[in-house]
Amino acid sequence: MRTKKILLVRDRDFFFYVHQVAELLSLAGHEVHVLHTSNGTAEPLYADLIEKTKNLGIPVYLVNDTTTWLRRKIRAGLYRCGFDGKRTVISTNKISQS
């Protein structure tokens, strides 16, 4: 089978399955890269998974789009009022940084 270049993209939390999929694809001989975007500092569990993924020789590109306190409160208020807010997940700033 021909090897492929694969980019896994994940926003916000770096779940365990991202690490597992990256590892399995890498073991199958594919060239795997992970692009992880977030709006803040990763929780310790997710930071550990990112390090474990990097230790497998898989590049992990981190794009951190920090927002102001006011903007976070507005987003949280809109979410509580029933507005999903998925349109703000991938911001133009994250796209340009990646």
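Guide: Ile 74 counts as partly exposed, because its relative accessibility is 47% and that class lies between 20% and 50%. The model is a predicted one. Ile 74 belongs to helix 3, which covers residues 69-80. On the surface, Ile 74 is part of a nonpolar patch together with Trp 69, Leu 70, Leu 78 and Phe 83. The accessible area of these residues together is about 580 Å².

The protein has 98 residues, of which 29% count as buried. It contains 4 helices and 3 strands, and along the sequence they follow the pattern β-α-β-α-β-α-α. Among contacts between residues at least 6 apart in sequence, 77% join residues at least 24 apart.

From the surface, the next step is inward. In soluble globular proteins, nonpolar side chains tend to be buried together. In this model, the largest nonpolar core has 12 residues in all. Its members are Ile 6, Leu 8, Phe 14, Val 18, Ala 22, Val 32, Val 34, Tyr 46, Leu 49, Ile 50, Ile 58 and Val 60. Two or more of these residues come from each of strand 1 (5-11), helix 1 (16-27), strand 2 (31-38) and helix 2 (44-55). Helix 2 contributes the most, with 3 residues. Phe 14 is one of the core residues. Leaving aside residues up to four places away in sequence, Phe 14 touches His 19, Val 34, His 36, Tyr 46, Leu 49, Ile 50, Thr 53 and Val 60.

The structure holds 2 aromatic pairs. Phe 15 and Tyr 46 make an edge-to-face pair, with 5.8 Å centre to centre and 85 degrees between the planes. This pair links distant parts of the chain: Phe 15 is in the loop between strand 1 and helix 1, whereas Tyr 46 is in helix 2, 31 residues apart. Tyr 46 has a relative accessible area of 13%, so it is buried. Through these ring pairs, Phe 15, Tyr 17 and Tyr 46 are linked into a cluster.

Side chains of opposite charge can pair when their charged atoms come close. The count here comes to 2 salt bridges. Asp 48 and Lys 52 form one of them, at 3.5 Å from N to O. They are 4 residues apart in helix 2, which means about one helical turn separates them. Asp 48 is partly exposed at 38% relative accessibility, and Lys 52 is partly exposed at 43%. Another salt bridge joins Lys 54 and Glu 51, whose closest N and O atoms are 3.9 Å apart. These two residues are 3 places apart in helix 2, so they too are separated by about one helical turn. Lys 54 is partly exposed at 33% relative accessible area, and Glu 51 is partly exposed at 40%.

Methods
Residues numbered from 1 in each chain as written. Predicted model: local features only at pLDDT ≥ 70, side-chain atom pairs only at ≥ 80, totals over all residues. Heavy atoms only, no water. Patch = residues over 30% accessible without salt bridge, like charges linked within 9 Å, V, L, I, M, F, W, Y side chains within 5 Å. Areas by Shrake-Rupley, 256 points an atom, 1.4 Å probe, with all protein chains shown as cover. Salt bridge = Lys/Arg side-chain N within 4 Å of Asp/Glu carboxyl O. Buried < 20%, exposed > 50% of the residue type's maximum accessible area, 1.4 Å probe, protein only. Core = buried A, V, L, I, M, F, W, Y, C linked by side-chain atoms within 4.5 Å. Contact = heavy atoms within 4.5 Å. Phe/Tyr/Trp six-rings, centres within 6.5 Å; stacked < 30°, edge-to-face > 60°.
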